[in-house]
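Reader: Can you walk me through this one? I'd like to start with how the parts meet.
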Amino acid sequence: MWFEILPSFGIITAVLSVPGFALYGLHKLTLDNAYRRNTDERWERIMYTRDMRLTGNPYQCNGLEAIPDK
């Protein structure tokens, strides 16, 4: 019957979802932050490199205090 497909569907769904959840822990270990910034667009890459240059940590919130006075 149709319900015989449910166990295999559950197994496949669970196996395919493991990499997405594993990235959370991998980013937490390597980046000290569980989330990644999206760098698909050019503007987002520019902001990422700006934050990295100003504070050394692109995940830290930056305001005017992060820009050094001249």
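Reader: Why the pLDDT condition?

Author: This is a predicted model, so local features need pLDDT of at least 70 and side-chain atom pairs count only at pLDDT 80 or more, while totals for chains, interfaces and linings use all residues. Residues are numbered from 1 along each chain as its sequence is written, and side-chain values use heavy atoms, with hydrogens and water left out.

Reader: Ok. Where are the two domains?

Author: Domain 1 is 8–37 and domain 2 is 38–69; the bounds come from an automatic or database domain assignment. Their centres, taken over C-alpha atoms, are 26 Å apart.

Reader: How many residues are in contact between them?

Author: On the domain 1 side 5 residues, and on the domain 2 side 7 residues. Contact means heavy atoms within 4.5 Å.

Reader: And how much area do they bury?

Author: About 540 Å² between them, 46% of it on carbon and sulfur atoms. Buried area is the accessible area (1.4 Å probe) that two parts lose on being put together, summed over both. Leu31, Asn33 and Arg37 supply 92% of what domain 1 buries against domain 2, more than any other three residues.

Reader: How many salt bridges between the domains?

Author: The count there is 0. A salt bridge needs a side-chain nitrogen of Lys or Arg within 4 Å of a carboxyl oxygen of Asp or Glu.

Reader: And in the structure as a whole?

Author: The structure holds 1. Arg50 and Asp51 form a salt bridge through their side chains, at 2.8 Å from N to O.

Reader: Is that pair buried or exposed?

Author: Arg50 is partly exposed at 31% relative accessible area, and Asp51 is buried at 5%. Buried means under 20% relative accessible area, exposed over 50%, partly exposed in between (1.4 Å probe, protein chains only).

Reader: New topic. How many aromatic pairs?

Author: The search of the whole structure finds 1. Trp2 and Phe3 pair edge-to-face, 6.0 Å centre to centre with 80° between the planes. Rings of Phe, Tyr and Trp (its six-membered ring) pair if their centres lie within 6.5 Å; planes under 30 degrees apart count as stacked, over 60 as edge-to-face and the rest as tilted.

Reader: Buried or exposed, those two?

Author: Trp2 is exposed at 63%, while Phe3 is partly exposed at 46%.
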